[in-house]
Amino acid sequence: MILTVNIANSHISLGCVEGEEVLFLERIFSNPQKTDLEYSVDILNAFRLHEIDRDKVDGCIISCVVPQLLSVFSDAVLRLFSLKPCIVNAASQNLIRVRAQNPSEVGSNLIVTAVSAAARYGTPAIVIDMSTATTITVIDESRTLIGAAILPGMQTSMDALTGGAAQLTQTNIVKAVTPLGRTTEQSLNGGAIYGNAGMIDGILDRMEKELQSRPVIVATGRISRILIPYCRHEITIDEELTVRGLAILYGEMEKAKHSENAAEDPEGRRV
Amino acid sequence: MILTVDIGNSNICFAIHAEDTPEPVFFERIHTNHNKTALEYMVDIRTIFELHHVSFSTISDCALSSVVPVVTTGVEEALTKLLSCRVFRVTPFVHLPYGANADDISPVGSDILCDNAGTILQYGYPAMTFDLGTATVASSLDDRGNLDGVLITAGVRTSLNSLVAKTSALPQITLDPPQSVLGENTAEAMRSGIIYGTAGLIDGIIDRTEQETGLRYTVVATGGLSRFIAPYCRHEIILDPTLLMKGMWSLLRIN
């Protein structure tokens, strides 16, 4: 059984995976002030709530886009499970290639969802991950991540709008009846839903033109369920995309570690 | 001459027009500052007039539109002290050159009311107007020339600043043209996202509204950021940076 951790700007997602089965998927709030003790309590609580014995955990993998949280969270894992987590980056895997000016700059969350989409849905694929930022990543036929677009997430821009404009108030985005509304609430809902759906459609149109064959389009992230039904493109929603990707990467990294050990042992270089 | 003043959340715009031409003789903007007093705004306005060699005594009429209540009083007071003519405040209760399909248009911002007055004056109807400022606002005039609906979403800079503030690894970027939709570094990926994304937002809203109403709209875009985005839209879009001021100019004629 492994623990998968996705540290993002708004939330940290914890997944517990045994073989092919996701036993739980929970989120906690990303807080740079929390200590390793506090995070280990959070993790422990998730295991307790789901009545899962934490002693069964024999591996952990972390993808992190908030650098200041990585060491604290790794310490929390070490404290609870007495093991060092694997850390995802572009260079730590060879399931997909990454074409970027600076591969180390590519967010590990993009690597994880790309690996998962390629494994579960095939290539070419476009992955939409909707959280603080909405990222749209393209993986071509040869399993190469060839580029991405990053735009403000729906809630991020909504918060900025109601915070920045004197006469607009927070509204709860649920669904939109019409793009151009006749009350302020309708107008804000129309803007959030049809505006963001239009952004995604517009980018998908242009990305599809760059690919030779028709891609599979997969969306994940907590806002996808609300927004994706309003997009023109056919898009599969998969909320387990990241946790499954992390599990696949963990398997690969373990395999690589073992073959490395096997190769090194006969030489007697290992202590 | 006519003075029009538009108080927005990011900028306050000033335009001077001839009595008989909506196109401004000049158009200037200063940033909106909630803390400035009437005196400080008087100094700003005086500076603008001096720069353009215009005297206050030549102003025969003045219109003021504001969506920032806290700033309105200061600017209105400054204008009243400087000018010898009236300062006409645009509100949903003034006489508009179009009707409305909503039961109540009082929540519609005066900027949107002026934009549509500008659109009907310059481009007729049915028309759709996009104002890209702190908020991106779309509004439509139907085939009878009535204000039909309004859509509000976060502005380009507003949402971008929020994204940068709320994330650890994303930098502040300039709005240069993206090289490709497939960004190969972080800044390029963000440029692709915000510029192609906003272009897609405008295209998507036009498509869906046309689909819903069965009308074909003339599309006009205004606001500080419109020139960065409109060239990437699929639809033909008329850029008119002073649309709102032209609308105010036309409101003065009927009020």
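Helices (H or I, at least four residues) and strands (E, at least two) are DSSP runs, numbered from the N terminus. The model is predicted: local features need pLDDT of at least 70 and side-chain atom pairs count only at pLDDT 80 or more, whereas totals for chains, interfaces and linings use all residues. Residues are numbered from 1 along each chain as its sequence is written, chains are lettered from A in the order in which they are written, and side-chain values use heavy atoms, leaving out hydrogens and water.

View 1. The structure holds one cavity of 30 Å³ or more; a cavity is a set of points, on a 1 Å grid over the protein atoms alone, where a 1.4 Å probe fits but cannot get out. At least two lining residues come from each of helix H5 (184–210) of chain A and, in chain B, strand E9 (146–154), helix H4 (156–166) and helix H5 (186–213). H5(B) gives the most, with three residues.

**View 2. Helix H1 (residues 38–51) of chain B.** Buried residues (under 20% relative accessible area, 1.4 Å probe, protein chains only) are B:Ala38, B:Tyr41, B:Met42, B:Asp44, B:Ile45, B:Ile48 and B:Phe49. They cover an arc of only 165° around the axis, which puts them on the same side of H1(B); the arc is that of the directions from the helix axis to the C-beta atoms. On the other side, B:Leu39, B:Glu50 and B:Leu51 are exposed (over 50%). Just after H1(B), B:His53 takes a positive phi of about 55°.

**View 3. B:Phe130 in the largest nonpolar core.** Such a core is a set of buried Ala, Val, Leu, Ile, Met, Phe, Trp, Tyr and Cys residues joined through side-chain atoms within 4.5 Å. Among the 128 members, A:Ile128, A:Ile136, A:Met207, B:Phe130 and B:Ile202 touch the most others. Beyond four places in sequence, the contacts of B:Phe130 (heavy atoms within 4.5 Å) include B:Val137, B:Ile202, B:Val219 and B:Thr222.

Key:
The expected span of a helix is 1.5 Å times one less than its number of residues. On a 1 Å grid over the protein atoms alone, a cavity is a set of points where a 1.4 Å probe fits but cannot get out, and a pocket is an open set with protein on both sides within 12 Å along at least five of seven lines; lining residues have an atom within 4 Å of a point. Grid points are joined across faces, edges and corners, and a volume is the space filled by probe spheres set on the points.
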